[in-house]
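Here is a short report on packing and pairing. Look over the structure first, then read on.

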Amino acid sequence: MDSFAHELARRIEARRERLDAWFARSFNRYRAPFTTSVDLRDAGFKLVQVDTNIFPGGFNNLCEGDHARASQTFRQIITERAGGGVQTIGILAESHTSNLPYFFNLRILQKILQEAGFEVENLSLAEALVRERTLVPLGE
């Protein structure tokens with residue numbers, strides 16, 4: 001028997017076009033933050049949102065095949081919100097963490113935005129830490 005999460009993923013994928021259309025309509029009505037991440041807890045029979053973050057998170061969990069779609073989506077949303085003249089994007093990192101997976105996440109986000117055609121600068125109030133953690137080449 002499939003787990004609840006696998007069944008949920010199957011149902012979401014089966015309705016991807018309808019969900020994409022709903023999200024598009026919703027984004028036109030309500031101005032959502034540019035990036036958010038949501039922490040979920042899976043009990044096997046229910047899935048619960050426990051935390052929402054405005055700092056960029058979770059991009060390291062995207063499979064490689066979704067990077068092109070993410071790049072395309074970022075390009076589209078940035079152009080719609082800010083116009084076609086945007087050339088450089090600043091990623092504001094959390095300043096209270098030295099969590100290496102979080103910084104790997106930032107590197108993946110940087111790569112996705114670069115693939116969308118933007119120059120990317122990593123920013124933080126803890127600038128030296130972010131520079132040290134995000135200059136590590138991907139795959140190392």
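## Strand pairing

How many bridges join strand 3 to strand 4, and do they run parallel or antiparallel? This is a predicted model. In it, 5 bridges link strand 3 to strand 4 (residues 119–123), and the two run parallel. Gly90 has Glu121, in strand 4, as its bridge partner. Between the strands, the chain passes through helix 4. This β-α-β crossover is right-handed.

## Nonpolar core

The largest nonpolar core holds 17 residues. Phe74 and Leu113 have the most contacts inside it. Helix 3 (67–82), strand 3 (88–92) and helix 4 (100–115) each give two or more residues to this core. Helix 4 gives the most, with 7 residues.

Leu113 reaches several parts of the chain. Leaving out residues up to four places away in sequence, Leu113 touches Phe74, Ile78, Ile89, Ile91, Phe118 and Val120.

## Aromatic contacts

The structure holds 3 aromatic pairs. One of them joins Phe59 and Phe74 in a tilted arrangement, 5.9 Å centre to centre with 40° between the planes. The pair links distant parts of the chain, 15 residues apart. Phe59 lies in the loop between strand 2 (47–53) and helix 3, while Phe74 is in helix 3. Phe59 counts as buried because its relative accessible area is 12%, under the 20% cut-off. Phe74 is buried too, at 8% relative accessibility.

Tyr102 and Phe103 form an edge-to-face pair, with 5.5 Å between centres and 75° between the planes. Both Tyr102 and Phe103 are buried.

## A charge over a ring

The charged end of Arg75 sits over the Phe118 ring, 4.0 Å from its centre.

Note on methods
Residues are numbered from 1 along each chain as its sequence is written. This is a predicted model: local features need pLDDT of at least 70, side-chain atom pairs count only at pLDDT 80 or more; totals for chains, interfaces and linings use all residues. Side-chain values use heavy atoms; hydrogens and water are left out. A nonpolar core is a set of buried Ala, Val, Leu, Ile, Met, Phe, Trp, Tyr and Cys residues joined through side-chain atoms within 4.5 Å. Buried means under 20% relative accessible area, exposed over 50%, partly exposed in between (1.4 Å probe, protein chains only). Helices (H or I, at least four residues) and strands (E, at least two) are DSSP runs, numbered from the N terminus. Contact means heavy atoms within 4.5 Å. Two strands pair if DSSP finds at least two bridges between them. A crossover is right-handed if, with the strands pointing away from the viewer, the path from the first strand over the helix to the second runs clockwise. Rings of Phe, Tyr and Trp (its six-membered ring) pair if their centres lie within 6.5 Å; planes under 30 degrees apart count as stacked, over 60 as edge-to-face and the rest as tilted. A charge sits over a ring if NZ of Lys or CZ of Arg is within 6 Å of the ring centre and within 35 degrees of the ring normal.
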